[in-house]
Amino acid sequence: MATTLPPHSAGTRASTPPASTSADPSLTKPTPKRLASGSNHHGQIIPATENEGAYDFVCGDMKGKYITVSVEDFLNLLPEHGELPDSPPAPDVSGPEPTHYDEFIRYMKPFLNQPWQLVNTSESIDRDFIPVLGVGGVKPDLLLYSFYGATTTVMKSAESFGEFKKARKDEPFRDEKGGKVLEGDSQTSKLTRGQITIYSSVIFCSQQRTRVFSFYVREHFARLLCHSRAGFFVTPLFNYVTTAHLREFFWRYTHASDAERGHDVTMQKLLEDDDHSEAAKAKLKVTTNKPLFKVEVENKVFYLSEPFLFRHNQPIGRGTRCFEAYDPEQKSLVLLKDAWRHTQYRREGEVYAELHESKVPNILQVIAEGDVRGNLQHVKLLTGKDDEREMVHYRIVLAKVGRPLDKFTSSYELVKGFSDAFEAHFAAWSKLKMLHRDISFGNVLLGPIEEGPKGYLIDWEFAKKESERDNSRERTGTYEFMSRRLLEEMGSTQNIRQKPEDDIESFVYALTWTVLSYARSELSNEDRISFLRPFDRMQNNPTTTARGREGIILGGVNRLKLASNELRDVLGTLFRSLSDRLVPRPDLVEKILDDLQSDGETDESTEEATKEITPEMVKKMRMRADKKADRRIKRMTTHTFMSQVLLKALKDESGIWQSQQDKAEPMDAHAHGSSNKRKGLAMVADGSKRLRSSGAR
């Protein structure tokens with residue numbers, strides 16, 4: 001196994017603390033929070049079981065993504081900074097785990113640059129963070145801050161974190177001879193590993209980051225971890241009292257520059273106004289308590305604040321964020337997408353250029369795009385001979401800020417948005433034999449309201465032509481909307497070529513999920529949650545996801561109790577047509593045969609049809625049923641049928657549908673958040689409350 005370690009930044013080390021060293025008031029004055037069931041008298045202890053589902057899930061999702069590095073190589077990720085101070089007496093770890101925290105803080109204090117501090121945050125929950133995988137809140141045992149005065153858990157301001165365990169059974173990893181680190185197999189090991197991974201992911205997605213450092217401690221033993229978009233580096237376990245490794249880490253880390261510690265300095269936080277900042281604040285509606293950043297893409301400057309879309313449902317991968325950005329040249333708002341792209345795929349801007357050249361409709365114009373320059377903007381991990389994970393930080397700016405699907409003003413507009421996106425997909429395949437390969441809720445965008453009903457298909461990063469070789473062994477697409485065939489092949493090590501029917505099937509699932517989540521109906525919140533459960537990745541494996549979705553399709557549209565008859569008719573036609581592909585062919589033939597017999601379609605005269613059906617007549621009917629089954633199965637394998645269904649419905653010659661004021665109505669917030677399971681439903685990879693618009697997963 002080989003590893004490629006990114007060197008530390010060649011920039012100047014920060015021998016002095018960052019410019020902003022005053023304590024953030026939010027860190028010293030705990031915000032009153034809703035008491036969790038089972039909380040202690042402080043109202044800050046999160047129940048141990050509340051996040052276990054998320055910890056277990058993320059641990060499975062990250063299998064094979066933790067890479068061993070030696071402690072020496074790990075420390076070289078950070079620049080040296082002279083001799084270490086003398087060590088104080090070793091911490092007392094004879095008592096229960098909570099007594100270890102303050103002892104550890106005392107022991108490590110001499111090795112922190114001023115005014116850095118380690119803070120015991122084990123009784124403070126941060127629920128005010130960008131949600132990751134449906135966790136109810138986070139409370140790392142220790143947080144490392146770069147300023148004095150912090151007393152509570154605020155992940156968006158933390159530099160690093162530490163997780164402590166007392167029992168050996170809780171070890172997240174196990175060490176083999178030769179220094180190799182393997183993932184622990186026990187359930188307690190998995191939960192610890194998932195816990196560390198989620199804490200790191202929260203810091204990653206709530207800050208501008210290229211990497212996140214952390215540490216694990218059990219009595220006098222420790223490990224160091226470094227999280228990038230490609231995976232985790234993990235060191236073997238070492239004794240931090242008898243060796244200087246952990247002391248050296250804190251000494252180097254707290255003296256390193258922002259960039260060396262893993263902050264993305266290409267996102268420049270504006271501390272003072274410049275020529276365009278006032279106009280940017282006005283356009284972006286930035287309030288005084290929100291940051292304003294300045295960023296260059298392809299030598300063009302843009303201003304932005306906080307992202308309106310996060311795709312941090314996975315600790316590794318693209319980690320897409322989308323921002324409304326201000327373009328000072330055009331004096332208008334644009335869409336800036338920030339992501340880590342897989343190097344085996346073309347830059348998304350190149351794909352857009354080819355689509356525009358071929359006049360594919362309903363796609364956005366590109367203003368600027370390019371890889372982010374600088375150290376730590378490229379990560380590479382090798383986990384085996386043919387398993388390489390190499391990613392580059394990438395930004396693309398699109399000329400229009402549209403609306404997410406959950407902002408549709410009518411069910412007519414919703415279907416029009418899907419239809420326009422489907423036509424883009426149809427044209428890309430017809431003209432270029434190019435497949436999108438990631439059809440999802442988040443990748444269909446509605447146009448601005450002033451345009452009228454309009455849709456766009458976005459996020460073409462994973463698009464491939466039929467003639468292009470696919471070297472990836474991982475399925476592309478958003479899990480919740482992947483076709484049955486692709487879900488069934490998820491465990492395979494073979495490359496599986498995606499086909500048009502896979503994306504067509506994904507369109508139906510994405511529309512179904514959107515309708516269940518937002519369209520007006522007579523369903524109760526509990527019924528909606530029940531229907532949405534198959535789409536919840538945290539509660540399902542590929543088999544149960546596929547079967548659950550099929551149950552919705554085969555059960556028919558009437559069970560959804562939709563308020564709009566027109567929407568019901570469109571979805572009903574798609575359900576029936578997709579059902580023909582989902583049921584076994586012999587069952588479909590028998591059903592068609594039964595229908596033919598019921599209707600008296602025997603190819604005989606009316607007089608003959610009243611007589612007893614003979615074996616010869618049954619043979620003819622079966623031949624007809626066979627041919628009819630073939631036609632019905634093929635309808636959803638090409639674009640033509642679904643395109644005709646959508647376009648015919650949207651003609652709306654009576655005008656009744658377009659006049660309906662049935663805008664999106666999301667589920668009651670309390671129903672979504674009533675338990676951790678509900679959070680998972682609300683946050684499927686392209687799910688409701690997190691998703692605000694476009695971008696890659």
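This is a predicted model: local features need pLDDT of at least 70, side-chain atom pairs count only at pLDDT 80 or more; totals for chains, interfaces and linings use all residues.
Trainee: Where should I start? How many helices and strands does the chain have?

Mentor: Start with the overall counts. The secondary structure here comes to 22 helices and 23 strands. The chain has 697 residues, and buried residues make up 57% of them. Its accessible surface is about 29,300 Å², with 48% of that belonging to carbon and sulfur atoms.

Trainee: And what share of the contacts with a separation of 6 or more comes from residues 24 or more positions apart?

Mentor: For this chain, such residues account for 71% of those contacts.

Trainee: Let's take a strand. Which way do the side chains of β12 point?

Mentor: The general idea is that in a regular strand the side chains alternate between the two faces of the sheet. Now look at β12, residues 293-297.

Trainee: Which strands pair with β12?

Mentor: On one hand there is β11, residues 268-269, which runs antiparallel to β12 and is joined to it by two bridges. Find Q268 there: it stands opposite K294 of β12. On the other hand there is β13, residues 300-304, paired with β12 in the antiparallel sense over five bridges. In that pairing, V295 stands opposite F302 of β13.

Trainee: Which residues of α14 are buried, and where do they sit around the axis?

Mentor: The buried ones are T545, A546, R549, E550, I552 and I553. They cover an arc of only 155° around the axis, so they lie on the same side of α14. These buried residues pack against α11 (484-488), α12 (500-518), α13 (525-532) and α15 (565-582).

Trainee: Could we finish with two threonines in loops? Is T235 buried or exposed?

Mentor: T235 is in the loop between β9 (231-234) and β10 (238-239). With a relative accessible area of 0%, T235 counts as buried, because the cut-off is under 20%. Its side chain reaches the backbone nitrogen of L224 at 3.0 Å. Beyond neighbours within four places in sequence, T235 is in contact with several residues, among them V69, F74, V181 and R223.

Trainee: And where does T637 lie?

Mentor: Look in the loop between α18 (615-634) and α19 (639-651). T637 has a relative accessible area of 22%, so it is classed as partly exposed. The side chain of T637 reaches the backbone oxygen of K634 at 2.7 Å. Leaving aside neighbours within four places in sequence, T637 is in contact with P500, E501, I504 and R581. Take R581: it is 56 residues from T637 in sequence, yet their C-alpha atoms are 8.8 Å apart in space.

Definitions and conventions
Residues are numbered from 1 along each chain as its sequence is written. Side-chain values use heavy atoms; hydrogens and water are left out. Helices (H or I, at least four residues) and strands (E, at least two) are DSSP runs, numbered from the N terminus. Buried means under 20% relative accessible area, exposed over 50%, partly exposed in between (1.4 Å probe, protein chains only). Contact means heavy atoms within 4.5 Å. A polar contact is a pair of N or O atoms within 3.5 Å; within protein, one must be able to donate a hydrogen and the other to accept it, and residues adjacent in sequence count only if both atoms are side-chain atoms. Accessible areas come from the Shrake-Rupley method with a 1.4 Å probe; for residues, only the protein chains shown count as cover. The arc is that of the directions from the helix axis to the C-beta atoms. Two strands pair if DSSP finds at least two bridges between them.
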